[in-house]
Amino acid sequence: MHGVPDAAESTAPPSHRQVDAVLFDFHGTLAQVEEPVAWVTAAAATCGAELDRGRATILADRLVTAGRAGGPLPHRVPIHLAEHWADRDLYEHSHRAAYTGLAATVTTNVEGLPDALYERLLVPEGWLPYADTLPTLRILHEAGVKVGVVSNIGFDIRPHFAAWGLDGLVDAYALSYEVGRTKPDPAIFLRACGMLGVDPERTLMVGDSPADAGAVQAGCAALVLPAAEPGRPNGLGATLALAGCA
């Protein structure tokens with residue numbers, strides 16, 4: 001009958017949520033790669049090489065300058081790596097070839113180091129979730145807000161979330177190498193919204209770069225936070241107020 005609410009409508013408390021879903025960037029937003037010297041030391045150890053702090057620091061500086069996944073953009077990409085570099089976030093083989101190739105431009109005298117450095121990306125131990133990540137995702141989950149991860153990346157990060165105990169707090173992953181689109185292309189944000197079954201206009205994208213702000217072109221709201229050092233709080237709590245969950 002018209003004008004007679006059903007039981008669910010009559011008993012449900014009013015919702016104060018401002019969004020139905022929050023999309024998060026991965027690197028620089030939810031987690032950060034390990035500190036460079038620790039990265040080089042751990043990778044060298046798997047190659048049977050023990051580096052003292054001084055040598056590891058010098059190599060780390062050179063390798064980061066050459067181009068490290070999760071680090072600043074390389075100062076120069078050799079011509080033989082240009083195609084892989086352009087496709088690094090679209091294909092797994094190009095992602096590996098680009099970053100192992102960049103590492104190989106640095107003389108280290110440690111056999112197998114470029115591949116060992118890359119392998120650190122593929123294990124949870126090579127990353128540190130930000131201090132705000134777990135509480136933020138947990139509060140959103142408990143409030144019934146869907147959570148998606150949207151990342152320009154060339155490998156699967158789901159095992160990382162599982163190892164950190166966060167997999168139950170993420171509802172969908174839109175990864176560029178699987179979707180075939182990279183941020184800021186609106187298509188990757190729309191795909192994420194489709195995975196979650198939400199309207200882009202009821203979705204917030206949280207990231208740390210102008211590429212993440214590309215979500216606005218898909219109809220989403222966007223929050224861009226500065227990346228912080230590994231393990232430090234990075235302001236993710238601001239997400240909760242914007243989502244109406246503070």
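Predicted model: local features only at pLDDT ≥ 70, side-chain atom pairs only at ≥ 80, totals over all residues.

Biologist: What makes Val147 count as buried, and what does Val147 touch?

Modeller: Val147, which has its place in strand β4, has a relative accessibility of 0%, and since buried means under 20%, Val147 counts as buried. Leaving aside residues up to four places away in sequence, Val147 touches Val22, Phe24, Leu137, Leu140, Leu169, Val170, Asp171, Ala172 and Leu196.

Biologist: Why is Gly231 called partly exposed, and where is Gly231 found?

Modeller: Gly231 is found in the loop between β7 (221-224) and α11. Its relative accessible area is 34%, and because buried means under 20% and exposed means over 50%, with partly exposed in between, Gly231 is called partly exposed. Not counting residues up to four places away in sequence, Gly231 touches Leu128, Pro129, Tyr130 and Ala131. Gly231 and Arg202 are 29 residues apart in sequence, and their C-alpha atoms are 30 Å apart in space.

Biologist: Turning to helix packing, what makes α2 roughly perpendicular to α3?

Modeller: Helix α2 (residues 36-46) and helix α3 (residues 53-67) pack at an angle of about 105°, and their axes are 8 Å apart. Angles of 65 to 115 degrees count as roughly perpendicular, and therefore α2 is described as roughly perpendicular to α3. In this contact, Pro36, Val37, Trp39, Val40 and Thr41 in α2 meet Arg53, Ala56, Thr57, Leu59, Ala60, Leu63 and Val64 in α3. By class, the contact of α2 with α3 has nine nonpolar, two polar and one charged residues.

Biologist: How do you know that the buried residues of α2 line one face of the helix, and which exposed residues are turned away from that buried side?

Modeller: Val37, Trp39, Val40, Ala43 and Ala44 are the buried residues of α2. Seen down the axis of α2, they fall within an arc of 160°, and so they line one face of the helix. On the face turned away from the buried side, α2 carries the exposed residues Ala45 and Thr46. The buried residues of α2 pack against α3 and α6.

Biologist: How do you know that the span of helix α5 agrees with its number of residues?

Modeller: Helix α5 (residues 92-104) has 13 residues, which at 1.5 Å a residue should span 18 Å, and because its end C-alpha atoms are 18 Å apart, the two values agree. Among the buried residues in α5 are Ser94, His95, Tyr99 and Leu102, and the buried residues of this helix pack against α3, α4 (82-86) and α6 (113-121).

Biologist: What makes Asn109 count as exposed, and what is said about its phi?

Modeller: Asn109 is found in the loop between α5 and α6. Its relative accessibility is 71%, and since exposed means over 50%, Asn109 counts as exposed. Phi of Asn109 is near 60°, a positive value in a residue other than glycine. Most residues other than glycine have a negative phi.

Biologist: Which peptide bond is cis, with omega near 15°?

Modeller: That is the peptide bond from Lys183 to Pro184, and Pro184 has its place in the loop between α9 (176-179) and α10 (186-196).

Definitions and conventions. Residues numbered from 1 in each chain as written. Heavy atoms only, no water. Axes fitted to C-alpha atoms, helices over the stretch in contact; angles between N-to-C directions. Helix = DSSP H or I, 4+ residues; strand = E, 2+ residues; numbered from the N terminus. Parallel < 35°, antiparallel > 145°, perpendicular 65-115°, else oblique. Contact = heavy atoms within 4.5 Å. Nonpolar A, V, L, I, M, F, W, Y, C, P; charged D, E, K, R; others polar. Expected span 1.5 Å × (residues − 1). Buried < 20%, exposed > 50% of the residue type's maximum accessible area, 1.4 Å probe, protein only. Arc of directions from axis to C-beta.
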